[in-house]
Amino acid sequence: MTLRERSPWLLLISPVVVLVALPFIASLALVIGFGFSGRQAIGLEVWARFITDPFSWKVIWTTLWLAARVTFFCLLIGYPVAFALNQLKSPLARGIAFTVLFTPLLMSVIVRAYGWIVLLSSQGLVNSVLGIAGLGPFRLMLNDFGALIAMVHVMLPFAVLPLLSSINQLPPSGIEAARDLGANPVQVLLRVIFPLTLPGILSAIEIVFALAASAFVTPSILGGGRVLTLPRLIYDNIGSLDWALAAVQSLTLLGITVLVLFSLRRLGRLFRYEGATR
Amino acid sequence: MKRTILNIILGATLVFMAAPIIVVIINAFNVSAYNAWPPPGLTLAWFQKALANQGFITGLWRSLAVAILATLVIVMIGIPAAYAISRFRFRGREVLRSVLLAPLVVPRVVLGFGLFILFVTTRSQLFGTLPGIALAHVILVVPFVVIIFLAALEDVDPKLEEAARDLGAGPVRAFFLVTLPQMRVALLSASFFCFITSFDEVETTLFVVQPAVKTLPVALYHYLEFQQDPTIAAVSSLMIAVTFVFILLGLFLTNGQFWKKIFANS
(Lines give C-alpha, C1' and ligand atoms only; values in the text may rest on other atoms or scores of the structure.)
Protein backbone atom coordinates (compact mmCIF):
# COMPACT_ATOMS: atom_id res chain seq x y z
CA MET A 1 0.00 0.00 0.00
CA THR A 2 1.42 3.38 -0.88
CA LEU A 3 1.54 6.27 1.54
CA ARG A 4 -1.14 8.00 -0.48
CA GLU A 5 -3.58 5.16 0.14
CA ARG A 6 -2.63 4.46 3.72
CA SER A 7 -2.61 7.97 5.11
CA PRO A 8 -3.78 10.52 2.56
CA TRP A 9 -4.05 13.15 5.27
CA LEU A 10 -0.26 13.17 5.60
CA LEU A 11 0.09 14.38 2.02
CA LEU A 12 -2.63 16.96 2.57
CA ILE A 13 -1.16 18.48 5.70
CA SER A 14 2.55 18.32 4.91
CA PRO A 15 2.67 21.59 2.92
CA VAL A 16 1.04 23.55 5.73
CA VAL A 17 3.24 21.84 8.32
CA VAL A 18 6.43 22.65 6.41
CA LEU A 19 5.52 26.20 5.40
CA VAL A 20 3.50 27.40 8.38
CA ALA A 21 3.62 25.20 11.46
CA LEU A 22 7.35 24.52 11.54
CA PRO A 23 8.57 28.09 10.83
CA PHE A 24 6.02 29.42 13.31
CA ILE A 25 7.08 27.05 16.09
CA ALA A 26 10.77 27.48 15.25
CA SER A 27 10.57 31.27 15.39
CA LEU A 28 8.83 31.22 18.76
CA ALA A 29 11.39 28.71 20.01
CA LEU A 30 14.18 31.02 18.86
CA VAL A 31 12.64 33.97 20.68
CA ILE A 32 12.48 31.85 23.84
CA GLY A 33 16.06 30.70 23.22
CA PHE A 34 17.36 34.25 22.88
CA GLY A 35 15.39 35.34 25.93
CA PHE A 36 17.11 32.77 28.10
CA SER A 37 20.57 32.94 26.58
CA GLY A 38 23.37 33.84 28.92
CA ARG A 39 27.05 33.31 29.45
CA GLN A 40 26.31 29.70 30.28
CA ALA A 41 23.92 27.63 28.22
CA ILE A 42 20.90 29.00 30.02
CA GLY A 43 20.80 32.29 31.80
CA LEU A 44 18.45 34.69 33.44
CA GLU A 45 20.83 37.65 33.18
CA VAL A 46 18.78 39.48 30.60
CA TRP A 47 15.62 38.92 32.62
CA ALA A 48 17.38 40.29 35.68
CA ARG A 49 18.46 43.33 33.68
CA PHE A 50 14.92 43.80 32.38
CA ILE A 51 13.14 43.36 35.71
CA THR A 52 15.46 45.54 37.78
CA ASP A 53 15.21 48.44 35.33
CA PRO A 54 12.40 50.78 36.50
CA PHE A 55 12.06 51.93 32.88
CA SER A 56 10.78 48.45 31.91
CA TRP A 57 7.99 48.66 34.47
CA LYS A 58 7.06 52.11 33.26
CA VAL A 59 6.81 50.80 29.70
CA ILE A 60 4.76 47.77 30.77
CA TRP A 61 2.43 50.09 32.68
CA THR A 62 2.09 52.42 29.67
CA THR A 63 1.27 49.44 27.45
CA LEU A 64 -1.34 47.98 29.82
CA TRP A 65 -2.96 51.31 30.75
CA LEU A 66 -3.25 52.37 27.12
CA ALA A 67 -4.68 48.99 26.11
CA ALA A 68 -7.14 49.08 29.03
CA ARG A 69 -8.45 52.53 28.06
CA VAL A 70 -8.70 51.59 24.38
CA THR A 71 -10.70 48.51 25.40
CA PHE A 72 -12.96 50.59 27.66
CA PHE A 73 -13.79 53.17 24.98
CA CYS A 74 -14.28 50.51 22.30
CA LEU A 75 -16.87 48.80 24.51
CA LEU A 76 -18.50 52.08 25.49
CA ILE A 77 -18.97 53.02 21.82
CA GLY A 78 -19.27 49.50 20.43
CA TYR A 79 -22.15 48.33 22.62
CA PRO A 80 -24.76 50.92 21.56
CA VAL A 81 -23.43 50.80 17.99
CA ALA A 82 -23.99 47.04 17.86
CA PHE A 83 -27.56 47.58 19.12
CA ALA A 84 -28.14 50.28 16.51
CA LEU A 85 -26.83 47.96 13.75
CA ASN A 86 -29.06 45.19 15.02
CA GLN A 87 -32.10 47.47 14.79
CA LEU A 88 -31.37 48.74 11.28
CA LYS A 89 -33.99 47.25 9.02
CA SER A 90 -33.43 48.76 5.59
CA PRO A 91 -30.90 46.68 3.62
CA LEU A 92 -29.42 49.84 2.09
CA ALA A 93 -28.80 51.47 5.48
CA ARG A 94 -27.37 48.21 6.78
CA GLY A 95 -25.08 47.90 3.78
CA ILE A 96 -23.79 51.45 4.17
CA ALA A 97 -23.32 51.16 7.94
CA PHE A 98 -21.45 47.85 7.66
CA THR A 99 -19.24 49.09 4.85
CA VAL A 100 -18.34 52.35 6.63
CA LEU A 101 -17.72 50.55 9.89
CA PHE A 102 -15.70 47.61 8.61
CA THR A 103 -13.90 48.92 5.52
CA PRO A 104 -11.26 50.76 7.61
CA LEU A 105 -10.38 47.37 9.07
CA LEU A 106 -8.94 46.39 5.71
CA MET A 107 -7.09 49.66 5.14
CA SER A 108 -3.43 49.76 6.10
CA VAL A 109 -2.77 51.01 9.64
CA ILE A 110 -0.30 53.42 8.07
CA VAL A 111 -3.05 55.03 6.02
CA ARG A 112 -5.30 55.33 9.06
CA ALA A 113 -2.49 56.73 11.21
CA TYR A 114 -1.80 59.33 8.53
CA GLY A 115 -5.50 60.21 8.46
CA TRP A 116 -5.32 60.95 12.17
CA ILE A 117 -2.26 63.14 11.64
CA VAL A 118 -4.26 65.21 9.15
CA LEU A 119 -7.13 65.45 11.64
CA LEU A 120 -5.16 66.12 14.79
CA SER A 121 -2.05 68.11 13.79
CA SER A 122 -1.69 71.68 15.04
CA GLN A 123 -3.08 73.06 11.75
CA GLY A 124 -5.31 70.06 11.19
CA LEU A 125 -9.05 69.75 10.70
CA VAL A 126 -10.02 69.43 14.37
CA ASN A 127 -7.90 72.38 15.47
CA SER A 128 -9.16 74.56 12.64
CA VAL A 129 -12.78 73.78 13.55
CA LEU A 130 -12.03 74.53 17.19
CA GLY A 131 -10.26 77.70 16.01
CA ILE A 132 -13.51 79.01 14.51
CA ALA A 133 -15.01 78.76 17.98
CA GLY A 134 -12.02 80.67 19.28
CA LEU A 135 -10.46 77.66 20.99
CA GLY A 136 -7.02 76.16 20.81
CA PRO A 137 -4.92 75.23 19.02
CA PHE A 138 -4.51 72.19 21.23
CA ARG A 139 -1.77 69.63 21.12
CA LEU A 140 -3.80 66.61 20.05
CA MET A 141 -1.11 64.27 18.76
CA LEU A 142 2.42 63.11 19.50
CA ASN A 143 1.04 62.38 22.94
CA ASP A 144 -1.13 59.94 24.81
CA PHE A 145 -4.40 61.42 23.53
CA GLY A 146 -3.44 61.02 19.87
CA ALA A 147 -2.41 57.41 20.37
CA LEU A 148 -5.60 56.66 22.30
CA ILE A 149 -8.10 58.10 19.80
CA ALA A 150 -6.37 56.56 16.77
CA MET A 151 -6.19 53.17 18.47
CA VAL A 152 -9.89 53.29 19.36
CA HIS A 153 -10.52 53.92 15.66
CA VAL A 154 -8.43 50.92 14.66
CA MET A 155 -9.87 48.52 17.27
CA LEU A 156 -13.55 49.56 17.32
CA PRO A 157 -14.68 47.22 14.49
CA PHE A 158 -13.12 44.29 16.36
CA ALA A 159 -15.26 45.14 19.41
CA VAL A 160 -18.47 45.54 17.38
CA LEU A 161 -18.21 42.11 15.71
CA PRO A 162 -18.55 39.86 18.80
CA LEU A 163 -21.00 42.28 20.44
CA LEU A 164 -23.18 42.24 17.35
CA SER A 165 -23.22 38.46 17.15
CA SER A 166 -24.26 38.10 20.80
CA ILE A 167 -26.93 40.81 20.40
CA ASN A 168 -28.26 39.09 17.29
CA GLN A 169 -28.79 35.99 19.41
CA LEU A 170 -30.87 37.78 22.06
CA PRO A 171 -34.30 36.13 22.32
CA PRO A 172 -36.92 38.89 21.83
CA SER A 173 -39.32 36.81 23.94
CA GLY A 174 -37.09 37.12 27.01
CA ILE A 175 -37.02 40.91 26.75
CA GLU A 176 -40.76 41.07 26.22
CA ALA A 177 -41.34 38.77 29.18
CA ALA A 178 -39.24 41.01 31.42
CA ARG A 179 -41.23 44.04 30.25
CA ASP A 180 -44.54 42.31 30.79
CA LEU A 181 -43.47 41.43 34.30
CA GLY A 182 -43.02 45.13 34.96
CA ALA A 183 -39.29 45.67 34.52
CA ASN A 184 -38.35 49.22 33.53
CA PRO A 185 -35.92 49.76 30.62
CA VAL A 186 -32.92 50.11 32.94
CA GLN A 187 -33.78 46.84 34.66
CA VAL A 188 -34.25 45.12 31.32
CA LEU A 189 -30.84 46.36 30.21
CA LEU A 190 -29.00 45.47 33.40
CA ARG A 191 -30.71 42.22 34.37
CA VAL A 192 -31.67 40.69 31.03
CA ILE A 193 -29.73 42.14 28.11
CA PHE A 194 -26.41 42.65 29.85
CA PRO A 195 -26.05 39.11 31.28
CA LEU A 196 -27.16 37.56 28.00
CA THR A 197 -24.61 39.54 25.99
CA LEU A 198 -21.81 38.97 28.47
CA PRO A 199 -20.07 36.34 26.31
CA GLY A 200 -19.90 38.90 23.49
CA ILE A 201 -18.58 41.55 25.87
CA LEU A 202 -15.89 39.21 27.15
CA SER A 203 -14.71 38.24 23.68
CA ALA A 204 -14.70 41.90 22.65
CA ILE A 205 -12.47 42.71 25.64
CA GLU A 206 -10.28 39.73 24.78
CA ILE A 207 -9.73 40.71 21.15
CA VAL A 208 -9.38 44.46 21.65
CA PHE A 209 -7.07 44.24 24.64
CA ALA A 210 -4.75 41.73 22.97
CA LEU A 211 -4.60 43.79 19.77
CA ALA A 212 -4.16 47.08 21.62
CA ALA A 213 -1.36 45.75 23.84
CA SER A 214 0.52 44.49 20.79
CA ALA A 215 -0.14 47.45 18.48
CA PHE A 216 3.00 49.08 17.19
CA VAL A 217 2.47 51.43 14.26
CA THR A 218 -0.48 53.46 15.54
CA PRO A 219 0.86 54.35 19.02
CA SER A 220 4.28 54.84 17.52
CA ILE A 221 3.18 57.39 14.90
CA LEU A 222 0.44 59.19 16.85
CA GLY A 223 2.14 58.97 20.22
CA GLY A 224 5.56 59.97 18.97
CA GLY A 225 8.32 59.47 21.51
CA ARG A 226 5.95 60.12 24.40
CA VAL A 227 4.09 56.85 24.23
CA LEU A 228 6.66 54.10 24.66
CA THR A 229 5.01 50.70 24.63
CA LEU A 230 6.50 47.21 24.64
CA PRO A 231 6.08 46.61 20.88
CA ARG A 232 7.86 49.88 20.18
CA LEU A 233 10.73 48.92 22.47
CA ILE A 234 11.08 45.53 20.81
CA TYR A 235 11.43 47.20 17.43
CA ASP A 236 13.94 49.75 18.75
CA ASN A 237 16.06 47.07 20.43
CA ILE A 238 16.36 45.09 17.25
CA GLY A 239 17.59 48.25 15.58
CA SER A 240 20.22 48.57 18.29
CA LEU A 241 21.06 44.85 17.95
CA ASP A 242 20.06 43.93 21.51
CA TRP A 243 18.28 40.75 20.45
CA ALA A 244 18.33 39.20 23.91
CA LEU A 245 16.52 42.16 25.47
CA ALA A 246 14.10 42.28 22.53
CA ALA A 247 13.41 38.58 23.11
CA VAL A 248 12.73 39.12 26.82
CA GLN A 249 10.36 41.97 25.97
CA SER A 250 8.68 39.84 23.29
CA LEU A 251 8.10 37.04 25.79
CA THR A 252 6.73 39.51 28.32
CA LEU A 253 4.31 40.90 25.73
CA LEU A 254 3.30 37.40 24.63
CA GLY A 255 2.87 36.41 28.28
CA ILE A 256 0.59 39.39 28.92
CA THR A 257 -1.66 38.70 25.93
CA VAL A 258 -1.88 34.96 26.63
CA LEU A 259 -2.62 35.63 30.32
CA VAL A 260 -5.41 38.08 29.46
CA LEU A 261 -6.96 35.68 26.94
CA PHE A 262 -6.71 32.78 29.36
CA SER A 263 -8.25 34.60 32.33
CA LEU A 264 -11.09 36.05 30.23
CA ARG A 265 -11.87 32.57 28.89
CA ARG A 266 -11.96 31.24 32.44
CA LEU A 267 -14.19 34.11 33.49
CA GLY A 268 -16.49 33.42 30.56
CA ARG A 269 -16.80 29.76 31.52
CA LEU A 270 -17.51 30.73 35.13
CA PHE A 271 -20.38 33.00 34.10
CA ARG A 272 -21.81 30.41 31.77
CA TYR A 273 -21.77 27.92 34.61
CA GLU A 274 -23.50 30.35 36.99
CA GLY A 275 -26.06 31.17 34.37
CA ALA A 276 -26.83 27.49 33.93
CA THR A 277 -27.38 26.81 37.61
CA ARG A 278 -29.50 29.85 38.35
CA MET B 1 -36.97 57.71 21.31
CA LYS B 2 -34.55 54.94 22.24
CA ARG B 3 -34.09 54.17 18.56
CA THR B 4 -33.33 57.83 17.81
CA ILE B 5 -30.58 57.94 20.42
CA LEU B 6 -29.07 54.72 19.08
CA ASN B 7 -29.16 56.04 15.54
CA ILE B 8 -27.46 59.27 16.59
CA ILE B 9 -24.68 57.27 18.26
CA LEU B 10 -24.38 55.09 15.15
CA GLY B 11 -24.24 58.13 12.88
CA ALA B 12 -21.57 59.81 14.98
CA THR B 13 -19.55 56.59 15.04
CA LEU B 14 -19.78 56.22 11.27
CA VAL B 15 -18.46 59.79 10.89
CA PHE B 16 -15.66 58.92 13.32
CA MET B 17 -14.80 55.78 11.32
CA ALA B 18 -14.92 57.45 7.91
CA ALA B 19 -13.27 60.77 8.80
CA PRO B 20 -9.60 59.70 8.77
CA ILE B 21 -10.05 57.94 5.43
CA ILE B 22 -11.90 60.83 3.79
CA VAL B 23 -9.45 63.51 4.96
CA VAL B 24 -6.57 61.45 3.57
CA ILE B 25 -8.15 61.52 0.12
CA ILE B 26 -8.88 65.26 0.29
CA ASN B 27 -5.44 65.99 1.71
CA ALA B 28 -3.80 64.36 -1.31
CA PHE B 29 -4.84 67.54 -3.20
CA ASN B 30 -3.85 69.95 -0.42
CA VAL B 31 -1.41 72.71 -1.49
CA SER B 32 -0.08 73.04 2.05
CA ALA B 33 2.94 70.86 2.81
CA TYR B 34 2.05 71.08 6.50
CA ASN B 35 -1.42 69.61 6.10
CA ALA B 36 -3.12 72.94 6.88
CA TRP B 37 -6.90 72.70 7.00
CA PRO B 38 -9.02 73.72 5.30
CA PRO B 39 -6.70 73.31 2.28
CA PRO B 40 -5.60 76.79 1.13
CA GLY B 41 -5.63 75.51 -2.47
CA LEU B 42 -5.74 72.34 -4.51
CA THR B 43 -2.95 70.73 -6.52
CA LEU B 44 -1.96 67.49 -8.22
CA ALA B 45 1.70 68.01 -7.36
CA TRP B 46 1.75 65.41 -4.59
CA PHE B 47 0.63 62.70 -6.97
CA GLN B 48 3.46 63.68 -9.32
CA LYS B 49 5.87 63.62 -6.42
CA ALA B 50 4.61 60.23 -5.27
CA LEU B 51 4.86 58.76 -8.77
CA ALA B 52 8.39 60.13 -9.10
CA ASN B 53 9.44 58.44 -5.87
CA GLN B 54 11.26 55.24 -6.84
CA GLY B 55 10.84 53.78 -3.34
CA PHE B 56 7.07 53.99 -3.60
CA ILE B 57 6.84 52.68 -7.15
CA THR B 58 9.09 49.67 -6.63
CA GLY B 59 7.43 49.20 -3.24
CA LEU B 60 4.05 49.04 -4.95
CA TRP B 61 5.22 46.32 -7.37
CA ARG B 62 6.82 44.37 -4.52
CA SER B 63 3.67 44.62 -2.41
CA LEU B 64 1.56 43.38 -5.29
CA ALA B 65 3.96 40.49 -5.98
CA VAL B 66 4.08 39.52 -2.30
CA ALA B 67 0.29 39.71 -1.98
CA ILE B 68 -0.26 37.54 -5.05
CA LEU B 69 2.34 35.01 -3.92
CA ALA B 70 0.96 34.85 -0.37
CA THR B 71 -2.59 34.41 -1.66
CA LEU B 72 -1.63 31.61 -4.05
CA VAL B 73 0.34 29.81 -1.35
CA ILE B 74 -2.33 30.13 1.33
CA VAL B 75 -4.98 28.74 -1.01
CA MET B 76 -2.80 25.86 -2.14
CA ILE B 77 -1.76 24.80 1.37
CA GLY B 78 -4.83 25.95 3.29
CA ILE B 79 -7.46 24.00 1.39
CA PRO B 80 -5.76 20.58 1.65
CA ALA B 81 -4.98 21.20 5.33
CA ALA B 82 -8.55 22.22 6.13
CA TYR B 83 -9.82 19.23 4.14
CA ALA B 84 -7.61 16.84 6.11
CA ILE B 85 -8.67 18.35 9.44
CA SER B 86 -12.35 18.20 8.53
CA ARG B 87 -12.52 14.79 6.80
CA PHE B 88 -9.85 12.60 8.39
CA ARG B 89 -9.33 11.43 11.95
CA PHE B 90 -5.63 11.21 12.63
CA ARG B 91 -3.26 11.59 15.57
CA GLY B 92 -2.17 15.15 16.04
CA ARG B 93 -5.23 16.52 14.32
CA GLU B 94 -6.23 18.72 17.26
CA VAL B 95 -2.62 19.79 17.75
CA LEU B 96 -2.35 20.84 14.11
CA ARG B 97 -5.60 22.77 14.39
CA SER B 98 -4.38 24.62 17.47
CA VAL B 99 -1.01 25.40 15.90
CA LEU B 100 -2.71 26.81 12.80
CA LEU B 101 -4.95 29.01 14.96
CA ALA B 102 -2.12 30.07 17.29
CA PRO B 103 -0.76 32.99 15.19
CA LEU B 104 -3.98 34.83 16.19
CA VAL B 105 -2.72 35.04 19.75
CA VAL B 106 0.87 36.00 18.99
CA PRO B 107 1.44 39.76 18.67
CA ARG B 108 2.49 40.69 15.13
CA VAL B 109 5.64 42.33 16.43
CA VAL B 110 6.67 39.14 18.24
CA LEU B 111 6.00 37.00 15.17
CA GLY B 112 8.00 39.42 13.04
CA PHE B 113 10.91 39.33 15.47
CA GLY B 114 10.83 35.51 15.64
CA LEU B 115 10.80 35.17 11.86
CA PHE B 116 13.60 37.72 11.61
CA ILE B 117 15.80 35.59 13.91
CA LEU B 118 14.76 32.43 12.05
CA PHE B 119 15.57 33.87 8.63
CA VAL B 120 18.88 35.37 9.72
CA THR B 121 20.25 32.57 11.93
CA THR B 122 19.42 29.74 9.53
CA ARG B 123 20.94 31.61 6.59
CA SER B 124 17.84 30.54 4.72
CA GLN B 125 18.18 33.30 2.12
CA LEU B 126 14.65 34.29 3.07
CA PHE B 127 15.51 37.45 4.99
CA GLY B 128 14.57 40.54 3.04
CA THR B 129 13.29 38.60 0.03
CA LEU B 130 9.83 38.58 -1.48
CA PRO B 131 9.24 34.86 -0.67
CA GLY B 132 10.32 35.50 2.92
CA ILE B 133 7.90 38.41 3.28
CA ALA B 134 5.14 36.36 1.66
CA LEU B 135 5.83 33.51 4.08
CA ALA B 136 5.41 35.88 7.03
CA HIS B 137 2.07 37.03 5.62
CA VAL B 138 0.94 33.44 5.02
CA ILE B 139 1.59 32.64 8.69
CA LEU B 140 -0.34 35.76 9.73
CA VAL B 141 -3.48 34.94 7.74
CA VAL B 142 -3.45 31.18 8.23
CA PRO B 143 -5.84 31.23 11.24
CA PHE B 144 -8.46 33.29 9.40
CA VAL B 145 -8.22 31.22 6.25
CA VAL B 146 -8.36 27.88 8.07
CA ILE B 147 -11.43 29.03 10.01
CA ILE B 148 -13.15 30.14 6.78
CA PHE B 149 -12.29 26.88 4.95
CA LEU B 150 -13.27 24.64 7.86
CA ALA B 151 -16.64 26.37 8.13
CA ALA B 152 -17.14 25.98 4.37
CA LEU B 153 -16.27 22.27 4.49
CA GLU B 154 -18.76 21.78 7.33
CA ASP B 155 -21.44 23.00 4.95
CA VAL B 156 -20.49 20.54 2.21
CA ASP B 157 -22.33 17.27 2.68
CA PRO B 158 -19.77 14.40 2.63
CA LYS B 159 -22.52 12.24 1.08
CA LEU B 160 -22.16 14.21 -2.14
CA GLU B 161 -18.47 13.36 -2.26
CA GLU B 162 -19.28 9.71 -1.54
CA ALA B 163 -21.82 9.71 -4.34
CA ALA B 164 -19.18 11.00 -6.75
CA ARG B 165 -16.78 8.32 -5.54
CA ASP B 166 -19.44 5.62 -6.01
CA LEU B 167 -19.94 6.82 -9.54
CA GLY B 168 -16.28 6.15 -10.20
CA ALA B 169 -14.52 9.43 -9.56
CA GLY B 170 -11.15 9.28 -7.80
CA PRO B 171 -10.75 11.21 -4.56
CA VAL B 172 -8.99 14.12 -6.26
CA ARG B 173 -11.51 14.31 -9.06
CA ALA B 174 -14.38 14.11 -6.58
CA PHE B 175 -12.89 16.99 -4.62
CA PHE B 176 -12.43 19.23 -7.64
CA LEU B 177 -15.80 18.44 -9.20
CA VAL B 178 -17.99 18.25 -6.12
CA THR B 179 -16.43 19.81 -3.02
CA LEU B 180 -14.46 22.75 -4.36
CA PRO B 181 -17.30 24.32 -6.37
CA GLN B 182 -19.37 24.40 -3.18
CA MET B 183 -16.57 26.25 -1.41
CA ARG B 184 -16.47 28.96 -4.07
CA VAL B 185 -17.67 31.83 -1.87
CA ALA B 186 -15.35 30.88 0.99
CA LEU B 187 -12.44 30.51 -1.39
CA LEU B 188 -13.00 33.96 -2.93
CA SER B 189 -13.52 35.64 0.45
CA ALA B 190 -10.39 34.07 1.91
CA SER B 191 -8.33 34.99 -1.15
CA PHE B 192 -9.43 38.62 -1.14
CA PHE B 193 -8.91 38.85 2.59
CA CYS B 194 -5.41 37.41 2.29
CA PHE B 195 -4.54 39.69 -0.62
CA ILE B 196 -5.69 42.84 1.15
CA THR B 197 -4.05 41.90 4.45
CA SER B 198 -0.75 41.10 2.77
CA PHE B 199 -0.85 44.24 0.62
CA ASP B 200 -1.40 46.46 3.69
CA GLU B 201 0.73 44.66 6.28
CA VAL B 202 3.40 46.62 8.17
CA GLU B 203 3.94 45.41 11.71
CA THR B 204 5.35 41.97 10.96
CA THR B 205 6.78 43.00 7.60
CA LEU B 206 8.97 45.71 9.18
CA PHE B 207 11.07 42.97 10.78
CA VAL B 208 11.66 40.87 7.68
CA VAL B 209 12.45 43.53 5.08
CA GLN B 210 15.84 44.86 4.13
CA PRO B 211 16.38 48.57 3.44
CA ALA B 212 16.79 47.76 -0.26
CA VAL B 213 13.67 45.60 -0.43
CA LYS B 214 10.78 47.51 1.10
CA THR B 215 7.12 46.87 0.48
CA LEU B 216 4.89 49.88 -0.06
CA PRO B 217 3.49 50.10 3.50
CA VAL B 218 7.00 49.78 4.94
CA ALA B 219 8.29 52.49 2.60
CA LEU B 220 5.39 54.67 3.74
CA TYR B 221 6.16 54.01 7.39
CA HIS B 222 9.80 55.01 6.99
CA TYR B 223 8.83 58.11 5.00
CA LEU B 224 6.28 59.06 7.65
CA GLU B 225 8.90 58.93 10.38
CA PHE B 226 10.66 61.89 8.83
CA GLN B 227 8.14 63.74 6.68
CA GLN B 228 4.41 64.08 6.84
CA ASP B 229 3.68 66.07 3.68
CA PRO B 230 0.73 65.11 1.44
CA THR B 231 2.90 62.80 -0.70
CA ILE B 232 1.84 60.21 1.86
CA ALA B 233 -1.77 61.21 1.27
CA ALA B 234 -1.38 60.69 -2.48
CA VAL B 235 0.10 57.20 -2.01
CA SER B 236 -2.45 56.41 0.70
CA SER B 237 -5.28 57.40 -1.65
CA LEU B 238 -3.97 54.91 -4.18
CA MET B 239 -3.82 52.23 -1.49
CA ILE B 240 -7.34 53.08 -0.35
CA ALA B 241 -8.45 52.76 -3.97
CA VAL B 242 -6.80 49.35 -4.35
CA THR B 243 -8.32 48.08 -1.09
CA PHE B 244 -11.72 49.48 -1.97
CA VAL B 245 -11.70 47.90 -5.41
CA PHE B 246 -10.90 44.55 -3.84
CA ILE B 247 -13.63 44.89 -1.21
CA LEU B 248 -16.19 45.79 -3.88
CA LEU B 249 -14.97 42.94 -6.07
CA GLY B 250 -15.21 40.63 -3.06
CA LEU B 251 -18.73 41.80 -2.27
CA PHE B 252 -19.76 41.44 -5.90
CA LEU B 253 -18.29 37.99 -6.51
CA THR B 254 -19.58 36.54 -3.26
CA ASN B 255 -23.09 37.97 -3.65
CA GLY B 256 -22.59 40.25 -0.66
CA GLN B 257 -21.41 37.49 1.67
CA PHE B 258 -17.85 38.81 1.86
CA TRP B 259 -18.05 40.36 5.35
CA LYS B 260 -20.05 37.47 6.68
CA LYS B 261 -17.53 34.90 5.47
CA ILE B 262 -14.53 36.74 6.82
CA PHE B 263 -15.85 37.81 10.17
CA ALA B 264 -18.85 35.73 11.12
CA ASN B 265 -16.77 32.66 11.84
CA SER B 266 -13.86 34.26 13.60
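**Figure 1. Burial and overall dimensions of chain A.** In this predicted model, 44% of the 278 residues of chain A count as buried. The C-alpha trace of chain A spans about 75 × 70 × 40 Å along its principal axes. Its radius of gyration is 24 Å, whereas a compact globule of 278 residues would have one near 19 Å.

**Figure 2. Secondary structure and contacts within chain A.** Chain A holds 13 helices and 0 strands, giving the sequence pattern α-α-α-α-α-α-α-α-α-α-α-α-α. Among contacts in chain A with a separation of 6 or more, 73% join residues 24 or more positions apart.

**Figure 3. The interface of chain A with chain B.** Here 69 residues of chain A are in contact with 72 residues of chain B. Helix H2 (residues 8-35) of chain A supplies 17 residues, the largest share of the side of chain A that touches chain B. That side of chain A is made up of 54 nonpolar, 14 polar and 1 charged residues.

**Figure 4. The two assigned domains of chain B.** The domain assignment divides chain B into domain 1 (1-43) and domain 2 (54-263). Their C-alpha centres lie 31 Å apart. In the contact between these domains of chain B, 8 residues come from domain 1 and 8 residues from domain 2. On the domain 1 side of this contact, 5 residues are nonpolar, 3 are polar and none is charged.

**Figure 5. Helix H9 of chain B.** Helix H9 of chain B covers residues 184-200, 17 residues in total. From its first C-alpha to its last, H9(B) reaches 24 Å, close to the 24 Å expected at 1.5 Å a residue. H9(B) is mostly covered, with 14 of its 17 residues buried.

Technical notes:
Residues numbered from 1 in each chain as written. Chains lettered and ligands numbered in written order. Predicted model: local features only at pLDDT ≥ 70, side-chain atom pairs only at ≥ 80, totals over all residues. Helix = DSSP H or I, 4+ residues; strand = E, 2+ residues; numbered from the N terminus. Expected span 1.5 Å × (residues − 1). Buried ≥ 20, exposed ≤ 12 C-beta atoms within 10 Å, placed from the backbone. Domains from an automatic or database assignment. Contact = placed C-beta atoms within 7 Å. Nonpolar A, V, L, I, M, F, W, Y, C, P; charged D, E, K, R; others polar. Rg over C-alpha atoms; globule rule 2.2 N^0.38 Å.
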